[in-house]
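Here is a short note to read alongside the model.

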Amino acid sequence: MRIIFCHPNFPAQFRRIAPALVAAGHEVVFVAKQREWHAPASEGIHLITYTPHRSGGGAAIHPYLRRFDAAVLEGQAVYRAIQPLLNQGWQPDWIVNHVGYGNGLYLSDAFPEASKIGFFEWYYNPVGADVDFLRRAPVEPDRRLRLRTWNAQILIELAACDVCVSPTKWQAKQFPAHLQERFRVVHEGVDCAQLAQLRNSNIAKPTCLPVDADIEILTYVSRGFEDYRGFPQAMQAIEILLKQRPNLHVLIVGADSVAYGAQRSDGRSWGTWAKAELELDPARVHWLGILQEDQYHAVLACSTVHLYLTVPFVLSWSLLEAMAAGCAIVSSATAPVQEVLVNWESALLVDFFDPTAQAQAISMLLNDFPLRNRLSAAAQQAAFIYDCNAGLAGWLDLLGVDTTTTVGSTGKNLLNNL
């Protein structure tokens, strides 16, 4: 079987399924704009790169259409990049692409006989999701119209898909009700077996921490420092805790940039704001930046309590990883979190906008070892629903791959060896 994957970044959410298909003897092509900095080797995968011939969204284009213009350019660049395949007469059985950037807009035009799976992470809604949540007020008409227009490229791709995939039930429910029956929920998953062993390993603590000191360790992980992931509230909660708990050290992982949502109106980064405006003891607050996997695992392994906040938006892998690693978690009582964690059963869930409540919940767990131990064990158990082996099996099933030869009962099979 021949499968073509497409995502602006290689390998993104397809980092397990693409190599698994190669290992099972299938022919895989991956079209991407760039390789992720931590991307594994692409042995056996034919990687094709593309570059749009200009940036989209110029000032002369209507503001509602600038994102669509960029998407068209992305899709056009992909179509041009795969011309050598078309010239050779290469035809895939399946197209699998991430929907939202526009990269897959014209793949069905290039390969009209192929079946298509679209991976859908988000559909824009002015009510009941990220936009009105952050404003805590009705969304103004201009923004409502813009959001509706942003969905145009998503709906164009959805119309061409034979199968629609979303990673969580809540994300699938963002789509119009009459379209939701077309969706299958398959999360890529995290390596629960590996993460579950971190606390029992001899992995060294981050070198920024005091040696042989009796300390408490709070961890916060986010791809970027931004209001979508509750960065300002988290830092305010940390400021409160530092004044109350002299033995507390905080490990902050992520880049001082915005991955989702808007920049600060004053031009400063959120990290700059936090260091300038809040009392964050530099001897006990450790800004670790973006980490390699082994360094990141060292952070999770030593965490006493892990803080995760998010608006109603795409669920972060980092929460599932912290759960699988056995971290005791304080998180926001928002819809994506409530799909995977239950208050007082597997985590303490608090108001996203209330740093004081967040600090109190963290202190409660720091003070109460039995509670902390019970919640962390339950969170770890809940994470196994999102194990990468289950995710891989789900993708193989979607593609009609016979898993009886790749998934055995001994555990020593293709899925477990990836």
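**Notes on the predicted model**

1. The largest nonpolar core has 59 residues. Within that core, Phe-120, Leu-218, Met-235 and Val-330 touch the most other members. Helix α9, residues 231-244, gives the most to this core, with 7 residues.

2. Which residues does Leu-218 touch, not counting residues up to four places away in sequence? Leaving out those up to four places away, the contacts of Leu-218 are Ile-238, Leu-241, Leu-248, His-249, Val-250, Leu-251, Val-305, His-306, Leu-307 and Ile-362.

3. Next, the second largest pocket. About 190 Å³ of space lies in it. Its lining consists of Pro-167, Lys-169, Val-185, Val-186, His-187, Glu-339, Ile-385, Tyr-386, Asp-387, Ala-390, Gly-391 and Gly-394. By class, that lining has 6 nonpolar, 3 polar and 3 charged residues. Helix α16, residues 388-398, supplies the largest share of the lining, 3 residues.

4. Aromatic pairs come to 25 in the count. One of them joins Tyr-124 and Trp-150. This pair is edge-to-face, at 5.2 Å centre to centre and with 70 degrees between the planes. The pair links distant parts of the chain, 26 residues apart. Tyr-124 sits in the loop between β7 (115-120) and α5 (130-135), while Trp-150 belongs to helix α6, residues 141-160. Are these two residues, Tyr-124 and Trp-150, buried or exposed? Tyr-124 is buried, and so is Trp-150.

5. There is also an aromatic cluster to inspect. Phe-5, Phe-10, Phe-14, Phe-30, Phe-119 and Trp-395 form one such cluster.

6. Last, Leu-107. The residue lies in helix α4, residues 107-110. Why is Leu-107 classed as buried? The relative accessible area of Leu-107 is 1%, and buried means under 20%, so Leu-107 counts as buried.

7. What surrounds Leu-107? Not counting residues up to four places away in sequence, Leu-107 touches Cys-6, Val-78, Ile-82, Ile-95 and Asn-97. Val-78 is 29 residues from Leu-107 along the chain, and the C-alpha atoms of the two are separated by 7.9 Å.

Notes: Residues are numbered from 1 along each chain as its sequence is written. This is a predicted model: local features need pLDDT of at least 70, side-chain atom pairs count only at pLDDT 80 or more; totals for chains, interfaces and linings use all residues. Side-chain values use heavy atoms; hydrogens and water are left out. A nonpolar core is a set of buried Ala, Val, Leu, Ile, Met, Phe, Trp, Tyr and Cys residues joined through side-chain atoms within 4.5 Å. Buried means under 20% relative accessible area, exposed over 50%, partly exposed in between (1.4 Å probe, protein chains only). Helices (H or I, at least four residues) and strands (E, at least two) are DSSP runs, numbered from the N terminus. Contact means heavy atoms within 4.5 Å. On a 1 Å grid over the protein atoms alone, a cavity is a set of points where a 1.4 Å probe fits but cannot get out, and a pocket is an open set with protein on both sides within 12 Å along at least five of seven lines; lining residues have an atom within 4 Å of a point. Grid points are joined across faces, edges and corners, and a volume is the space filled by probe spheres set on the points. Ala, Val, Leu, Ile, Met, Phe, Trp, Tyr, Cys and Pro count as nonpolar, Asp, Glu, Lys and Arg as charged, and the others, Gly among them, as polar. Rings of Phe, Tyr and Trp (its six-membered ring) pair if their centres lie within 6.5 Å; planes under 30 degrees apart count as stacked, over 60 as edge-to-face and the rest as tilted.
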